[in-house]
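Please open the structure in a viewer and keep the sequence panel at hand.

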Amino acid sequence: MQGIAIRTLIARRLAVVLLATMSVSAAGAAAESLDTEMEDVKKALLELKRDLVILEEDLLFPASSQVAVFLSMDLGEFFQLDAVTVKLNGKEVAHHLYTDKQVDALYRGGIQKLFIGNIKQGGNRITAFFTGRGPSGRDYRRATTVAFEKSFEPTFVELAISDSTAKYQPEFTSAVSN
Amino acid sequence: MNFGRWFTGLCIVLIAAEGFAVGLREEAPDFTLKSLEGSNLRLEEYRGQVVLINFWASWCGPCRQEMPVLDRLHHRYEDTGFAVLGVNVEGDPEMAREIVDKTHVTFPILLDDGQKVSELYSLEAMPSTVVIDRDGVIRYIHHGYKPGDEAKYVEVIKELIKE
C-alpha cells in the first residue's frame, strides 16, 4: 500500500513536472514564434524602405536625365580635403564642407554621393573645385572639369583625389560612365 | 487699451512662434560649418551629447552679454556630455574674432557664411538659443537674452543630461 502511495506520488509529481515543462515549452514556442514574426516584420520594413528610396529616385531623377556625382579618395597623404564645390554647366549645384571624420571615412574607402540631379540630354560640363591643405600644409585649391554627352541612360561622374608619388602632389581626376 | 495691447502682443508671439520653422520635438536640421579655428564641425557628429546652439551677431548687445554665461555653462557641464556651439550669423571671421577676443569664450564659434543655417532655423530674434537632446531632437528654444535667463538653460540642460 505504501509502495503504491509512493508510486502514485511520484507519478503525480512527474505529471506536474511534465505539464510545467510543456507549458514552458508552449510559452517558449509562442515567444519564439513572436520573435520570428517580429524579425520578419523588421526585415519587410527594411525592404520596403529600400524600395521606397529607389522608387523616389526613379521618380525624381529618371534615367534619361539623371546625373550623379561621386567623390572618392585614394591615400590622401598630399592633400587634406576641406571642401568641394560642384558646378554643372556653370551653375553651383553642390557644396560640401568635410569634417575630420568624413575625411577619414573617405580615406578608408568610402565613396560620397555629392550630387544627384537632372540635366538635359546632349552636351554638358561638370567642374569640381577642391579646397584643402596641400603638401607642406599650404592652402590648396584645384579644379577639374569634364565635358560629357548625356544619353538616355543614367550618367555617373566620379571625382577622385589621389596622390601622385612621382610629383609629390595630389591629383584630381574625373571620369564619366553611362 | 490694455486688451488691445494684450491682443496685439499675443498675435506677435503667436506669429513669431509660428515663424520659427523648426519646432520643439522636431529633429534638429543638420549642418556643417567652418569654425573660427579653421576646422569644419557638423552638428550630427555631436549626437549623443546635449547641444546648445546659440545664434549671435557682433552688433547684438544681449548676444555679447550672454556669451560669457554660455561659456561658463560649457565648462561646467562639458564633462557630462554637453556642448555649446556658437553660430555667428554674419559669417565674417574678423568681426567674430573681435567679439571672441573681447568675451574670451572658448566654445566653438561657427561661421554661417551665406546665412544658410540661419535660414534653416528661421531665426526671428537675436540671440536665439536652441537646445538639442542626445537623440538630435530640439527640446528648448529661447529668443533674446536678459540676465537671469540662464537659470532656465541650466534647468533644461540638467534635465536632458540626466536622460
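What share of the 163 residues of chain B counts as buried? The value is 29%. The model is a predicted one, and the predictor assigns the complex an ipTM of 0.74 and a pTM of 0.72.

**Colour by confidence**

Colour both chains by pLDDT. Chain A has a mean of 84, with 85% of its residues at 70 or more; chain B has a mean of 88, with 87% of its residues at 70 or more. Within chain A, the element with the lowest mean is helix H1(A), residues 2–60, at 76, and the one with the highest is strand S3(A), residues 91–97, at 95. Next, select residues 7–20 of chain B. Their pLDDT stays under 50, and the model gives this stretch six contacts beyond four places in sequence. Where pLDDT is low, the predicted coordinates should not be read in detail.

**Chain B: the sheet**

Switch to a cartoon of chain B, which contains five helices and seven strands. Read from the N terminus, its elements follow the order α-β-β-β-α-β-α-β-α-β-β-α. Of the contacts in chain B between residues at least 6 apart in sequence, 70% join residues at least 24 apart.

Select the strands of chain B. Seven of them make an open sheet of mixed pairing, ordered S2-S1-S5-S4-S3-S6-S7. Strands S2(B), residues 40–42, and S7(B), residues 138–143, are at the edges; each has a single partner strand, so one side of each lacks a neighbour in the sheet. From one strand to the next the twist averages 30°.

Zoom in on S6(B) and S7(B), an antiparallel pair joined by five bridges. Here Val131(B) is placed opposite Tyr140(B) of S7(B). H2(B) lies across S3 and S4 of chain B and runs at about 155° to S4(B).

**Chain B: the core**

Which residues have the most contacts inside the largest nonpolar core? Select Leu52(B), Ile53(B), Val87(B), Leu110(B), Val130(B), Val131(B) and Ile132(B); the core has 35 residues. Elements giving two or more residues to this core include strands S3(B), S4(B), S5(B) and S6(B), together with helices H2(B), H3(B) and H5(B). The most comes from S3(B), with six residues. In soluble globular proteins, nonpolar side chains tend to be buried together.

Centre the view on Val130(B). Leaving aside residues up to four places away in sequence, Val130(B) touches Ala28(B), Ile53(B), Tyr121(B), Ile138(B) and Ile141(B). A second, separate core has 17 residues, among them Met73(A), Leu81(A), Val157(A) and Leu159(A).

**Chain A: strand S1**

Move to chain A and select strand S1(A), residues 66–73.

Now display the strands paired with S1(A). S4(A), residues 112–118, runs antiparallel to S1(A) and is joined to S1(A) by six bridges; Leu71(A) is placed opposite Gln112(A) of S4(A). S7(A), residues 155–164, runs parallel to S1(A), with seven bridges between them. Val69(A) has Val157(A) of S7(A) as its bridge partner.

**Chain A: the S5–S6 hairpin**

Select residues 122–133 and 139–150 of chain A. These are strands S5(A) and S6(A), which pair in the antiparallel sense over twelve bridges. Phe129(A) stands opposite Ala143(A) of S6(A). Five residues separate the two strands of this hairpin, and Ser136(A) takes a positive phi near 65°. How many of the twelve residues of S6(A) are buried? The count is one, and the strand is hardly covered.

**Where the chains meet**

Finally, show both chains and select the residues in contact between them: seven of chain B and five of chain A. On the side of chain B that touches chain A, the elements giving two or more residues are S1(B), residues 32–35, and S2(B). The residues on this side of chain B comprise two nonpolar, two polar and three charged.

Conventions:
Residues numbered from 1 in each chain as written. Chains lettered and ligands numbered in written order. Predicted model: local features only at pLDDT ≥ 70, side-chain atom pairs only at ≥ 80, totals over all residues. Pairing = 2+ DSSP bridges. Helix = DSSP H or I, 4+ residues; strand = E, 2+ residues; numbered from the N terminus. pLDDT = per-residue confidence, 0-100. Core = buried A, V, L, I, M, F, W, Y, C linked by C-beta atoms within 7 Å. Buried ≥ 20, exposed ≤ 12 C-beta atoms within 10 Å, placed from the backbone. Contact = placed C-beta atoms within 7 Å. Axes fitted to C-alpha atoms, helices over the stretch in contact; angles between N-to-C directions. Nonpolar A, V, L, I, M, F, W, Y, C, P; charged D, E, K, R; others polar.
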